[in-house]
Amino acid sequence: MKAIEAVCTVCSREKSKVPGLIPASERYVGAHVGQVAMLARSQSLPLYLVSGLIGFIPAECKVPDYDHLLQNSDVKELARRMSHQMRVSGIKKLHFYCKGKESWQPYLSAVLWAALCNPVHLNLIPLEDEVHPMLAAMH
């Protein structure tokens, strides 16, 4: 299996209301998703999104309309699922774009755990000139 480098961010609360299954890149309409999608295209890298319900998904994966905010109590199970999804996808290097918002903390935790469970080089990149408190502590 070919080792894959990819770009990733969290899905968004803002979703397209188109019924049925549509690609994740079209379902999640938050500004940060569009921003990270442009970065992925500019680097010719695949885009993945982290969904608290579905896990680590390629942008072209078709997803339903749903409403689910990941809670800290769900992180361990999501991290296990994402670890498997990363392994199956062949991800070896991941550029994860994140914000310092409290609601993003469980997603960041799940990504960190999933990457640690695999030989994935994780590059955490703050969005919108934000530095997440966990990232600031690492410097």
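**Strands, cores and charges**

Biologist: In strand 6, which residue is the bridge partner of isoleucine 4?

Modeller: A word on elements: helices (H or I, at least four residues) and strands (E, at least two) are DSSP runs numbered from the N terminus. Strand 1 and strand 6 run parallel and are joined by six bridges, where pairing asks for at least two DSSP bridges between two strands. Within strand 6, isoleucine 4 has as its bridge partner isoleucine 91.

Biologist: Before we go on, at what pLDDT do side-chain atom pairs count?

Modeller: Residues are numbered from 1 along each chain as its sequence is written, and side-chain values use heavy atoms, with hydrogens and water left out. This is a predicted model, so totals for chains, interfaces and linings use all residues, local features need pLDDT of at least 70, and side-chain atom pairs count only at pLDDT 80 or more.

Biologist: Which residue in strand 3 does threonine 9 stand opposite?

Modeller: Strand 1 also runs parallel to strand 3, with four bridges joining the two. Strand 1 is mostly covered, as five of its seven residues are buried (buried is under 20% relative accessible area, exposed over 50%, partly exposed in between, with a 1.4 Å probe and protein chains only). In strand 3, the residue opposite threonine 9 is leucine 49.

Biologist: What does phenylalanine 56 touch beyond four places in sequence?

Modeller: Contact here means heavy atoms within 4.5 Å. Phe56 is among the members that touch the most others in the largest core. Leaving out residues up to four places away in sequence, phenylalanine 56 touches Cys8, Tyr48, Leu49, Val50, Met82, Gln85, Met86, Ile91 and Leu94.

Biologist: How many residues make up the second, separate core?

Modeller: As background, nonpolar side chains in soluble globular proteins tend to be buried together. The second core includes Ala24, Val33, Val63 and Tyr66, and its size is eight residues.

Biologist: How far apart in sequence are the parts that aspartate 65 and lysine 17 tie together?

Modeller: Aspartate 65 and lysine 17 form a salt bridge with their closest N and O atoms 3.6 Å apart; the rule asks for a side-chain nitrogen of Lys or Arg within 4 Å of a carboxyl oxygen of Asp or Glu. Aspartate 65 is partly exposed at 35%, while lysine 17 is exposed at 65%. Aspartate 65 sits in the loop between strand 5 (62–63) and helix 3, and lysine 17 in the loop between strand 1 and strand 2 (22–23), so the parts tied together are apart in sequence by 48 residues.

Biologist: What is the N to O distance between arginine 80 and glutamate 77?

Modeller: These two are three residues apart in helix 3, so about one helical turn separates them. Glutamate 77 is partly exposed, at 42% relative accessibility. Their side chains meet in a salt bridge, with an N to O distance of 3.2 Å.

Biologist: And how many salt bridges does the rule count?

Modeller: One of them pairs glutamate 14 with arginine 13, the closest N and O atoms being 4.0 Å apart. Glutamate 14 is partly exposed at 39%, whereas arginine 13 is exposed at 68%. The count of salt bridges comes to three.

Biologist: How many disulfides are there?

Modeller: A disulfide needs two cysteine sulfur atoms within 2.5 Å. Cysteine 8 is buried at 0% relative accessibility, and its sulfur lies 10.0 Å from the closest cysteine sulfur, in cysteine 98, too far for a bond. The number of disulfides by this rule is zero.

Biologist: What is the phi of serine 44?

Modeller: Most residues other than glycine have a negative phi. Serine 44 lies in the loop between helix 2 and strand 3 and is exposed at 67%. Although not a glycine, serine 44 has a positive phi of about 55 degrees.

Note on methods. Core = buried A, V, L, I, M, F, W, Y, C linked by side-chain atoms within 4.5 Å.
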